[in-house]
Amino acid sequence: MIQRPSKVNRPDPNPFKFTGIAMDKKIVDVNELHVEDIPIVGGKGANLGELTNAGFPVPEAFVLTTAAYDYFIQNSNLMEKVAQELAGIDRNSDDSLAAASDKIRAMFEECDIPQDLKKDIVSKYRILIPKGKAGFVAVRSSATAEDLPDASFAGQQETYLNVRDEEDLFDKIRKCWSSLFTARAIAYREKQGFAHEDVKLAVVVQRMVNSEFSGIMFTVDPNSGAKQIVIEAGYGLGEAIVGGEVTPDTYVVDKQKMEILKKRISTQTWKYVRGEKGGVVKQDMPKDMVKSQKIPDDRIQEIAEIGRQIEIHYEKPMDMEWCVENDKAYIVQARPITATGNSATNESVGAAANSEDVVATGLGASPGLATGKVIIYDTSI
């Protein structure tokens with residue numbers, strides 16, 4: 001029987017207080033962290049710590065802080081080389097951005113992590129996965145400018161799932177650090193006016209939840225701004241939904257009465273699962289599950305209640321990622337919603353508004369209206 005969570009323990013009426021983590025501390029447990037620690041552990045790490053300390057169901061984790069990133073950079077003498085590559089970029093050329101990104105990322109991944117830091121990483125890793133025990137971790141980037149009120153860097157850096165041993169862990173940590181310099185991340189910082197040296201990266205190492213079901217939750221409708229909880233759900237690991245590779249179920253829940261108002265059931269023919277040697281692989285869904293509702297109504301209400309409590313805790317609308325393993329729901333990410341649509345201005349545009357012909361169907365990717373020139377590409381060339 002799925003139990004709706006009781007009132008979450010929130011001992012401090014003002015939870016957003018600086019916890020005093022030393023700025024030079026290279027590794028911290030997630031339960032040491034609060035939301036005010038973003039300069040040290042990035043948005044993802046700080047919010048996971050905030051949720052953990054508030055009693056929400058978050059998988060165990062530790063975080064390599066920005067001090068660990070700086071330590072790696074200094075020991076590798078990388079910053080001068082990175083600055084040279086960035087100085088030579090033609091900002092109007094995608095090819096130039098991509099070439100610089102490739103060179104910078106290769107520099108990161110060729111450098112070894114200092115031995116003393118490796119030793120500390122292994123010590124924390126063995127708390128999550130004791131030696132001789134089978135287990136996997138997720139290695140997740142957490143940028144210091146990731147979830148700002150006036151800019152969103154979310155999704156620009158990389159995450160690696162089902163990391164299986166120490167050497168794999170070291171490799172994925174370096175890859176996370178280097179993902180601060182993807183072509184997309186470089187271009188976004190240039191456009192937003194953020195100095196490249198001011199945006200640093202922490203890395204979250206978290207016990208991997210082998211999700212049977214997963215999804216996203218918003219505590220307000222991101223397209224209309226309506227004060228309803230919107231839950232998207234799919235089979236398997238959440239990367240398929242977050243990456244837009246599958247269309248999830250969508251459930252709308254009344255935030256006051258916690259009643260399910262609307263359901264949109266999707267077709268899902270495959271899911272991501274853990275590979276035999278780690279990583280993720282695609283697996284076909286049984287035919288009888290392809291068009292089924294992904295999670296039962298009581299699970300929808302349970303997840304919605306967790307989301308409602310998180311919004312109460314933060315005192316603002318939130319965007320979350322959730323998953324279910326062995327009949328237990330977990331929150332693996334939470335961040336404030338930085339933009340929503342407006343139900344008063346959302347409207348149909350063009351001939352389709354007065355036509356029976358369906359031009360396109362699907363879920364809105366982002367609120368708002370836009371116009372532009374249509375360009376037709378001939379894919380047969």
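How many residues of β3 are buried? I started my notebook with that strand, and 7 of its 7 residues are buried, so to speak mostly covered (buried means under 20% relative accessible area, exposed over 50% and partly exposed in between, with a 1.4 Å probe and protein chains only).

**Ground rules.** I am working with a predicted model, where local features need pLDDT of at least 70, side-chain atom pairs count only at pLDDT 80 or more, and totals for chains, interfaces and linings use all residues. Residues are numbered from 1 along each chain as its sequence is written, and side-chain values use heavy atoms, with hydrogens and water left out.

**Strand β3.** I looked up which way its side chains go: Val-137, Val-139, Ser-141 and Ala-143 point one way, Ala-138, Arg-140 and Ser-142 the other, and all are buried. Strands (E, at least two residues) and helices (H or I, at least four) are DSSP runs numbered from the N terminus.

I traced 5 strands in an open, antiparallel sheet, ordered β1-β2-β7-β3-β6. The edges are β1 (27-29) and β6 (159-163), each pairing on one side only. From one strand to the next, the twist averages 20 degrees. Two strands pair if DSSP finds at least two bridges between them. I found 7 bridges between β3 and β7, with Arg-140 partnered by Val-204 in β7. Toward β6, β3 (residues 137-143) has 3 bridges; there I saw Val-139 opposite Tyr-160 and Val-137 opposite Val-163.

**The helix across it.** I noted that α6 (residues 166-178) lies across β2 (61-64), β3, β6 and β7 (201-207), at about 20 degrees to β3. Axes are lines fitted to C-alpha atoms, for helices over the stretch in contact, and angles run from 0 to 180 degrees between N-to-C directions.

**Cores.** I checked the largest nonpolar core next: it has 41 residues, and those with the most contacts inside it are Leu-64, Phe-108, Ile-121 and Trp-177. Such a core is a set of buried Ala, Val, Leu, Ile, Met, Phe, Trp, Tyr and Cys residues joined through side-chain atoms within 4.5 Å. Beyond four places in sequence, the contacts of Trp-177 include Leu-64, Tyr-69, Phe-108 and Val-203 (heavy atoms within 4.5 Å). Another core, of 38 residues, lies apart, with Val-58 and Ile-331 among them.

I followed 6 antiparallel strands in an open sheet, β11-β10-β9-β8-β14-β15. Both β11 (260-264) and β15 (328-336) have a single partner strand, so one side of each lacks a neighbour in the sheet. I also looked at β8 (residues 213-218), which 6 bridges join to β9 (residues 228-235); Gly-215 has Ala-233 as its bridge partner there.
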